[in-house]
Amino acid sequence: MAIKIKTDFSGLLSAMTSAERRIIKGISALAAKRGERAYIVGGFARDMLLGFPNFDIDCVVEGDACELAEELAKSLGGCHATINRKFHTAKIKKGNLTIDIASAREEKYAAAGELPSVRRSTIKNDVSRRDFTINAIYISINRDDFGKLSCEKTYLSDLKKGLIRVFHKNSFEDDPTRIFRAVRFAARFGFRIESFTKRFMQKALKDGMLKKISSFRAKRELAILLNEINAPEALEIAFSTGLAKAALPGIKKTAVKNLKTARLIWLDFFIYLQEQFDFFLYMLLVLQKDLSCARRREFVKTLTLKKKDRVALLFPKSSMNKILRRVLRNDPAWRVDADELRDEQLLFLVLLAMSKNPERGAKTEKRVMDYILRLKRKKPFHSSGELIRMGFPREKLGALAKEITSGRRGGKILSKSQEYGFLVRKLKKW
Ligand code: ATP
Ligand code: MG
């Protein structure tokens, strides 16, 4: 099926938000003043053509991107440019927008997986160093031909047909992170990886090219891939191309179905979750659901994660099942146990119940929802300091706090004075 794309950009600015307009106009004016030429490229150009929002403005200048970015940051005010002179790139954060400005350049890869050496060049040469044809379309923001779209016809036709295509057969050897990128775009847009590209990719994977990139870069790519709402589709494609076997050893194809169910659960909770909810961590929890403890430890070791994420992933299965049994019995203790779990783990708990049977799943979902929406915020009215002043020994505070929390969440303690009464009775018994 052909995809409808926008190709007339004479009214380019009117389709943008006022913040984007200010930035594009700023770059255009600065480039003109400096006698350089500037273009919108990469994902920003691609998504404009597809009519998708993108908060990452990718620009290329035929000139000095670092200097231009510094001037732009000054003129926008309240932000600064992070400069990478070696790669001729600069990044500016402005509100919810990121502006990536790069000098048009050529790249040479000395060895597979290593970072390339770069030298300044023209926009035409710059385009052919890019990962895929759909990311190599550029739109002028120069005054004389503002909004003019330029690229080989095939790039546009790939975008219309929904095809991910590399520029040459060694593309994945040069930079194996492109393997993750191909899967990401295929899943995100529902595109197909063109058949030669798929073969090049499979060969690179068979030749062990993923091992050529640092574990940090591999983990970052995996995180971006699994952070997408289409993570289940990405995993499906990762299985069909061999990426899953190389990047996620031990994970079985059944994980795709689990990820799809997990996404449905997440959609039910979505509006109630805090911004810091880590979708990637949630996907990892689901991915390793059916692994043995030893395999889980190995799996977690391959990912360079923060300690608190490792703790969440290695949370004992037996403890999780114990909490789940309590949820299903509606045992009041679970409402306090839940404090040990992060929201990502609570949603995973729903998935565990769901995979046992839908009825248990629905019951667990209702109770977890009630915990996240209402109960979680109910903590003891009295602070630790107040409890100590009342005469409670320090070492008993943890257990006492749990008891009060349970009373608050079970509806037995509704006010601070009621809590005080409870504490006085408790002290007398001691
Ligand atoms: P997203 O919407 O996920 O940000 P994107 O295509 O904008 O997708 P970026 O990582 O922001 O991806 O990169 C911007 C552009 O830089 C890409 O569109 C592509 O042209 C180029 N690019 C990025 N990474 C690579 C790479 N590994 N190899 C070649 N070109 C790349
Ligand atoms: Mg981008």
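Begin by selecting α9 and α13, the latter spanning residues 279-287: each of these helices supplies at least two residues of the lining of the second largest pocket. The model on the screen is a predicted one.

**Stop 1**

The volume of the second largest pocket is about 510 Å³. Select next Ala223, Ile224, Asn227, Glu228 and Phe280, which are the closest to its centre of the 16 residues that line this pocket.

**Stop 1: the largest cavity**

The space in the largest cavity is about 40 Å³.

To display its lining, select Leu222, Leu225, Leu226, Leu235, Ala238, Leu243, Ala244, Ala247 and Leu248. By class, the lining of the largest cavity has nine nonpolar residues, no polar residues and no charged residues.

**Stop 2**

Two packed helices are described by the angle between their axes and the distance between the axes.

On α10, the contact is made by Ala231, Pro232, Glu233, Leu235, Glu236 and Phe239, and on α12 by Ala255, Val256, Leu259, Lys260 and Arg263. Seven nonpolar and four charged residues take part in the contact of α10 with α12, with no polar residue. Leu235 of α10 belongs to this contact and also lines the largest cavity.

**Stop 3: the largest pocket**

The largest pocket has a volume of about 1800 Å³. Select Asp56, Asp58, Lys91, Asp100 and Arg181, the closest to its centre of the 49 residues in the lining.

Several elements each supply at least two residues of this lining: the helices α2 (42-50), α7 (177-189) and α9 (215-226), and the strands β2 (56-62), β3 (81-84), β4 (89-94), β5 (97-103) and β6 (105-108). Which element gives the most to the lining of the largest pocket? That element is α7, with seven residues. The lining of the largest pocket comprises 22 charged, 17 nonpolar and ten polar residues.

**Stop 4: α2 against α7**

Finally, select α2 and α7 together. Their axes are 14 Å apart, and the helices pack at an angle of about 20°. Since angles under 35 degrees count as roughly parallel, α2 is roughly parallel to α7. The crossing of α2 past α7 is right-handed.

Display Arg46, Asp47 and Leu50 of α2, which meet Phe185, Arg188 and Phe189 of α7. This contact of α2 with α7 has three nonpolar and three charged residues, and no polar ones.

Technical notes: Residues numbered from 1 in each chain as written. Chains lettered and ligands numbered in written order. Predicted model: local features only at pLDDT ≥ 70, side-chain atom pairs only at ≥ 80, totals over all residues. Heavy atoms only, no water. 1 Å grid on protein atoms, 1.4 Å probe; cavity = no way out; pocket = protein on both sides within 12 Å on 5 of 7 lines; lining within 4 Å. Points joined across faces, edges and corners; volume = space filled by probe spheres on them. Helix = DSSP H or I, 4+ residues; strand = E, 2+ residues; numbered from the N terminus. Nonpolar A, V, L, I, M, F, W, Y, C, P; charged D, E, K, R; others polar. Axes fitted to C-alpha atoms, helices over the stretch in contact; angles between N-to-C directions. Parallel < 35°, antiparallel > 145°, perpendicular 65-115°, else oblique. Left-handed = near helix turned anticlockwise from the far one by under 90°. Contact = heavy atoms within 4.5 Å.
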